[in-house]
Amino acid sequence: MAGTAGRARWRGGQQLDLRVHTSRLITSSLSFAPPGFKRWLSSPVAAPRVCVVGSGPAGFYTAQHILKHHGGARVDIYEKLPVPFGLVRFGVAPDHPEVKNVINTFTQTARSERCAYYGNVTVGRDVTVAELQQAYHAVVLSYGAEDNRVLGIPGENLSGVYSARAFVGWYNGLPENRDLKPDLSCETALILGHGNVALDIARILLSPLSLLRKTDITDGSLAALASSKVKRVWLAGRRGPLQVAFTIKELREMINLPGASPVLNPADFAGLEGAVKDAPRPRKRLTELMIKTALEKPGKKTVEQVAAPREWGLKFQRSPQEVLPTADGKQARGVRMALTRLEGSGDSAKAVPTGDVEELECGLVLSSIGYRSLPLDPAVPFDTQHGIIPNSSGRVEGVPGLYCSGWVKRGPTGVIITTMNDSFDTAHSVLEDLQVGVLDVSTSREGFGAVGSILRSRGVRPVSFSDWEKIDAAEVARGKAAGKPREKIVDPQEMLQLIGH
């Protein structure tokens, strides 16, 4: 989930509290059911077997909707990691536990007698999509975006430059990022991007340890942050204040962060009050909060701010041209930025270089410019330019019986609620195709019976949902001992040993 990884924020101009609204929205999902569903559900038909690839929000919401609206369907969810929940576990910030409450809903789905979870199975390697299609009446690809967009500038590969995706994965315990070891020995960090993920990273870098210790941040990243020298974080974007992608909740959290002072330049906001008069309410309120913060006189400094002054700020209309190396050519020492002017207005405004440049000194550069989906299997069509599987309402173009949902369907944008509705849309397409006979269920399919044999022959041992619950219990117990909600296990081998694999 891109610059808004794991969020449940805005819908139709209104801020959503995920805890209050999730159940209400799930109830309203009945509106997705096609006419005549009830009559069809009561008629005797063979049980459709559906396979979902990916156990993040897109996968679970797709499964949930199919199970809810087809009383006979069986859904198997495959996941490459031993543990489920995707970006809810590995993307949502550790200090946002309320956003992770959707895990309770997903757990209910996984415990359904018509749903099964198979972790530790990499589709495309351990089992092919073609083999899944042989075993199931329908296959839904919901595997998300497992790569990041690159800056494409000189110096991007210098030591001290990291993608936001890898950095977030590191502090959230994503196994592939557990050995990242980011260098936090400099005083100034630069985050490229103005989305919620960028603000998440800034907040984690500057948060008092007393706050982080109470979260499920990993033990290793907490130790690294404890010895961090970073005390200043700049967030730079190509466009202006009216184009920022972060939401007001994240901005307010950042402004109110204990021990850290916002540094916003009033000149960046000159004349904007008039410009946002007729803007949509969320954009108007967000801009007004930035203006208010920029114009506020610094108040009395707290004890923490005097003892260890920390600050953060937003830089606008700056586009990275080059990461500048230290004298030995190995480490980042700064970024050369092209100054830009805006052509057009609102969300469609484009940043055009003015010809002027400036250098910003920093030893840590974090690129937060979005996530990117990758092709899963040569048999699946893939649009490399847009990073999506070509589809119509989730039906994969040219491949009957194959579907997609979530980021791999529409691109890495939106929040948890967006993904929920998108997944319900795909599930609706599956249900519709079952109803009208596009999917032939007259021939029974073996589902995991067939896939399990293939996996055994290839030496792959799947992890069940009850296996995950043992891992979960171990993490919670370790966390309790440390005064945290959980201590995530970051090594897949350790997870597998724990469940006797």
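**Close-up 1. Burial of T419 in the predicted model.** In this predicted model, T419 has a relative accessible area of 2%. Because buried means under 20% relative accessible area, T419 counts as buried. The residue lies in helix α16, which spans residues 416-436. Leaving aside residues up to four places away in sequence, T419 touches P57, A58, G406, W407 and R410.

Close-up 2. Strand β14 covers residues 332-343, and strand β15 covers residues 350-361. The two strands pair in the antiparallel sense, and nine bridges link them. Together, β14 and β15 form a hairpin, with six residues between them. In the turn, G344 has a positive phi of about 90 degrees.

**Close-up 3. The open sheet of six strands.** The strands of this open sheet follow the order β8-β16-β9-β10-β12-β11, and their pairing is parallel. At the edges stand β8 (161-163) and β11 (260-263), each of which pairs on one side only. From one strand to the next, the twist averages 20 degrees.

Close-up 4. Strand β16 is formed by residues 364-367. Strands β8 and β16 run parallel and are joined by three bridges. Within this pairing, V161 stands opposite V365 in β16.

Terms used. Residues numbered from 1 in each chain as written. Predicted model: local features only at pLDDT ≥ 70, side-chain atom pairs only at ≥ 80, totals over all residues. Heavy atoms only, no water. Helix = DSSP H or I, 4+ residues; strand = E, 2+ residues; numbered from the N terminus. Buried < 20%, exposed > 50% of the residue type's maximum accessible area, 1.4 Å probe, protein only. Contact = heavy atoms within 4.5 Å. Pairing = 2+ DSSP bridges. Axes fitted to C-alpha atoms, helices over the stretch in contact; angles between N-to-C directions.
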